Amino acid sequence: MAEPILKVRDVVKRFGGIVAVNKVSFDVNEGEILGLIGPNGAGKTTLFNCITGVYRPEEGHIYFMGEEITGLPPHKIAAKGIARTWQKTRPFQKMKVVEAVMVGALLRTNDVTEARKRAEEALALVGFPREKFYVRGSEITLLEHKMVDLARAIATRPKLLLLDEVAAGLRPGEMDQLASILKRVNRETGITMIVVEHVMRFVMGLSQRMLVMHEGRLIAEGTPEEVANNPKVIEAYLGTKPE
Amino acid sequence: MIDPALITNNLIDGVLMGLLYSLVALGLSLVFGLMDIINFAHGDFVMIAAYTTWVIAMMLYVDPSVTAIITVPLFFVIGLAIYKIIIEPILGAEPLIQIAVTVGLGYVLQNLALAYFRAGPRSFPAPWFNYSIQIGPIGIAVSKLIAAAVSLASLFIINYMLVNTKFGLAVRATSANREVAPLMGINVRKVFAITFGLGIALTALGAALYMMWGQTNPYLGQSFSLLSWVIVAMGGLGGVMGVLYSGLIVGVLEALGSTFVSPSARLAVVYLAFFFILWFRPRGLFGRR
Amino acid sequence: MTGSHAVFGQEAKDAAELVVDIINNELGGIKSLCGAKIQLVVQDSGETPDDARLAAERLISTEHPVIVIGAYISRNTAAVAEVTEREKVILVMDGLVDDLTKQGWQYVFRAAPKASAHGATAAKFVIEMAQQKGLTINSAVILNEDSIFGTYVGDGAKMELLRNGIHVAAHITYPYDITDFSSIINQIKSINPDIIISVPYFNDGVLFAKAVQQAGLHPMFIAGAGGCGYTDPDSIQAAGDAVLYYTNTYSYNFARPTQWNQKIVNEFKQRYGKIPTEAGGIIFYSMFTIYAALEKAGEMFPNDPLNPDNLKQAFLALDLTDDNSIAAQLYPSGHIKFGPDGDNLYAEATVAQVQEINGTLKPVIVWPDAEPGVQPIFPRPDWQGAD
Amino acid sequence: MEFSKAVRKDILAVIALVLAMAAIPFAIGFERYYLLILSTATVFAIYVVAWNIIGGYAGQLDLAAFVYSSLGGIVAARLMVYYGITPWIGMFAGAGVAAALAAIIGYPTFRFGIKEVWYALLTASLVVIVREIMHMPEFLGSLDYRLPWKYMGWYWLRFPTYEQLYWVLVAVLGATMLINVWISNSKIGYYLKAIREDELAAEALGVDVRKYKLIALVTYAAILGFAGYLHISLNGVYTYKNFDSAQSIAVAIMGIIGGLGSIAGAFTSAITLKIVGEYLRSSFGAVIPGLHLLIYGILLIVVGIFKPEGLASVIEWFKKKVGWGGEG
């Protein structure tokens, strides 16, 4: 097995007295879709923010493709090849859909025409309806927003994509649609993904391997079946609220 | 080299003026903290209130401080009206739009005053407290002492109100989360209106106190607008106490600038300090943002 | 041309309207020009040089005036002069800043005393009074608002004091929109000078006088300079007895006992309910000087009196005294004659003092010639003597 | 460089506008008053279109326009009066000094993440600080400075009449608009617009927020610093009061009323508001003091409340009507 694409080692992040992420370590292998689950407040988004540079962890190290990236600003981390989406979509409302995706594409090219081409490709890849390429961000549906968010991230040509609760707010039918999009993207581009989710059904069908967080700690790791049957996980999470 | 008595005297005056600045800035801080309204016409309300104070003081021939009994409730009502007509429509608008609208409001207030009162100074000619207490080399102006004391008391009363009353609770809850507050049975619009009214009423109190020794003209507001904002920024929305401390800092900086640089440069000294404070403490000196 | 933002715009406009009425109706217009009437057009010169220049350009392109009066604020006057010079229109300035006549402009005239003369007048008055009363002035403090006007006046006073060997212990400048004088008062207190010469803009004068009263400062004398604040009716109304015994210098003597001066002051009072001071006064004699110049031009160049170069010759040829003109009767020195740079060679400022007369505070002229029945009050009665 | 169709359309539109504006003096028979109004309005149009870069694209409410324009203008004027250097060079020096100040102020400001109202306050204070520094005797002091009469003609960019300077102003305005068109259609423009919309999201896409904000600020300051001399040349006088808070705010307000990020909106709003303002001043200024500013204030309130998208939305509508797509 090759060197893991992302190595997280003993990362700690505190807010005042609260330890949001407590000594978390794990590896991500190239090409896989890794699920990261846990109840609300488990520290998943905080961990994401540590990896993508929004927060600087107090302790621990993060390595991406063998290079330490701990504490780098977000734009540098993005340049190294980590992209992300947001739990609550952060659309560029006043820009047209293609333009918003071009912002991502411009990370790898300075040529606007080329960026436009790449943006259109990324939108096509995620299955965004072609007739809506030139409407403004304020005029599309939630699922379409998720697609734009995804396309924007893919357009930066990342090695690793972090998806923060992409399914939140979607109807079951839409979730299935999104899951198949993600699988296709993973298959066609080989982008490694970490999928944070607390909707179990969505993430279980999607990922090959899963991590479970609870109260800032990693409490379990394994295939979806292993995790689903782990008593600690059931106690912390499934036991309280089965999906 | 500089006379220590002079420095002491200036510092005392700086503290007294600083308390008054805090009082004037408090309304701005409450309104901004609660409803994110950027009011660039705040100082112009001080100016309009100062004219109102003067008119009433001349009519009844009483000291301007006494007129606060009339002007404070009056400006509370004026504040409610302004909220309804101008502020409510721009709630949640882009900051730039809010600034454009309130700058427009400032133009309106200034030029109403200019058209009606003309540009000459207006001041009450027979103030009651126009003398000083002399303790050795230290002289303290009584009217300023009264103004500072009333300001300080008002700040504490408002603070008490925010912490201990039902209205205060509603303000703090709305300020913390505007989406959740209505679910708890809080009428957000009403809280906004009352707070805005309160903010304007405080400018009226500040104006009444200032007119004990000061004068007003159509452009008085410009001296207070930016200064109030600087106090709010330095206080960092840390509530009443943040405003109190940063008002004091501004007053003292002004006094020091006046003493060691020149009276012309005193505002530049304050703003320069503001620059560095904002750079190195972007959350303000006394609070969260 | 008035500026709505200069405190004096309104009074200047009122005064100009009064004078034009008198010239056109009572005097029957300009005789040498077959009774031609003067037509007054007023433009607001705004706040910025941009505005002033636009106002000048509009006046000139739409009204084609032969003479422009304005624009009070120095930098605005400069912007206006660029236009009037190009168009060869005579500009009679009511801005007092010294160097306005030092720009090499060909068509500008100024009857009023310049800023530094105001400062010097205040100093001369104080020095002469002290000599008369046998008092020695050990030290003085000069205080001026920090615009170009205040600076010239303050410097004028300082030069005069230094020339007379008086120690100027401090020269303090401050912005005219100051809201609190305490640090300045504290500084003056720690110096404890005999004399304070103060050059206020307007609003700051009220604030200063009140602060002095409150702090219990009792110097030998406080003299104002520069035509605004302290002694005009608005200031007296606003400051009350805080300005009692303050003096100020004026470009105009409203008490001058000449026939025309009395008449104009009375008519102004009847129309507008107050006595004319600085702004009105300058307009009075400037307008009557224009009137005299137009008459002169009609006599000198009957074929082309309004040609700018002819008009300029007429202005330069004027030698107005009490006996031969209305303008000089309205002027403090009673004599108007322009030098080659356009400044009046016989420029003079007067000193007015706030005194209590029959229970009310009134400005009275006390220097160089006190008005009848009035004595300058010097030193201040609350002065506790040299210590 | 290859231009897309939309960009070519915009460039053609700017060229057409410049030619049309340059022809106006002939149409109005070189009437000086109207030429002066047009020139003054064009000065503000340059300021507002330049402001659009920092305010419209990058979304930073800069209230210090007259710091940069006056500083640049005074540098050029001083070089001319003291050293006999032509403003053709002096204006570039002015632009350089203004850009340097912007970089010195902007670097820490963006480094420390100061934005929104705090950025507005910081820039508003900057005007006061620079004014008071310039007011010190070591710099300009209290005096007024005039550009002497002897400096006239193309070499000094100073003229007794207005049409020549007006044409220069129109050319600078055209250049400023082209810079806007270029930015708007380049990587910088997309990045700035993304920053205005959502800084955090932009950063996660690899946008160096500080760097691009600084680029916007410095570009804006440089254009203002360049044009500043033309403004001084227009009225012939400069003092420390040129560092004017009220006028700086006016520039930002014209930009807001024009609609953020719209070149056509910025232009239209500056020209219209300046002409309306002048009309109000000349008609009412001497009747009731302040009436013209009162009306102006009411106008601002009404536009802000009822048409917050600014004039740009009106222009957009108009463009759709005549079938003229593409970016404003």
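**Entry 1. Terms and model**

I take buried area as the accessible area, computed with a 1.4 Å probe, that two parts lose on being put together, summed over both. The model is predicted, and I note that local features need pLDDT of at least 70, side-chain atom pairs count only at pLDDT 80 or more, and totals for chains, interfaces and linings use all residues. Residues are numbered from 1 along each chain as its sequence is written, chains are lettered from A and ligands numbered from 1 in the order in which they are written, and side-chain values use heavy atoms, with hydrogens and water left out.

**Entry 2. Chain C against chain B**

I looked up the interface of chain C and chain B, which buries about 2,900 Å², with 47% of it on carbon and sulfur atoms. C:Thr179, C:Lys210 and C:Gln214 supply 24% of the area that chain C buries there, more than any other three residues. In contact (heavy atoms within 4.5 Å) are 34 residues of chain C and 41 residues of chain B.

I then turned to the salt bridge, defined as a side-chain nitrogen of Lys or Arg within 4 Å of a carboxyl oxygen of Asp or Glu. The count between these chains is one, and it joins the side chains of C:Asp180 and B:Lys144 at 2.7 Å, N to O. For polar contacts I use pairs of N or O atoms within 3.5 Å; within protein, one atom must be able to donate a hydrogen and the other to accept it, and residues adjacent in sequence count only if both atoms are side-chain atoms. Between chain C and chain B I record 17 residue pairs in polar contact, both residues at pLDDT 80 or more.

By class, the chain C side has twelve nonpolar, 15 polar and seven charged residues. Nonpolar here covers Ala, Val, Leu, Ile, Met, Phe, Trp, Tyr, Cys and Pro; charged covers Asp, Glu, Lys and Arg; the others, Gly among them, are polar.

**Entry 3. Chain B against chain D**

I next examined chain B and chain D, where 39 residues of chain B are in contact with 39 residues of chain D. The buried area is about 3,600 Å², of which carbon and sulfur atoms give 86%. The largest share of the chain B side, 14 residues, comes from α4(B). Helices (H or I, at least four residues) and strands (E, at least two) are DSSP runs, numbered from the N terminus. The chain B side has 33 nonpolar, three polar and three charged residues.

**Entry 4. B:Ala141**

I located B:Ala141 in strand β2 (residues 138–141) of chain B. B:Ala141 is buried, with a relative accessible area of 9%; buried means under 20%, exposed over 50%, and partly exposed in between (1.4 Å probe, protein chains only). Leaving out residues up to four places away in sequence, B:Ala141 touches B:Tyr131, B:Ser132 and C:Gln214.

**Entry 5. Backbone geometry**

I recorded a cis peptide bond between C:Trp367 and C:Pro368, with omega about 0 degrees, and another between C:Phe378 and C:Pro379, with omega about -5 degrees. A:Lys23 has phi near 50 degrees, a positive value in a residue other than glycine; A:Lys23 lies in strand β2 (residues 18–28) of chain A and is partly exposed at 48% relative accessible area. D:Glu116, not a glycine, has a positive phi of about 50 degrees. I place D:Glu116 in helix α5 (residues 116–135) of chain D, exposed at 53%.
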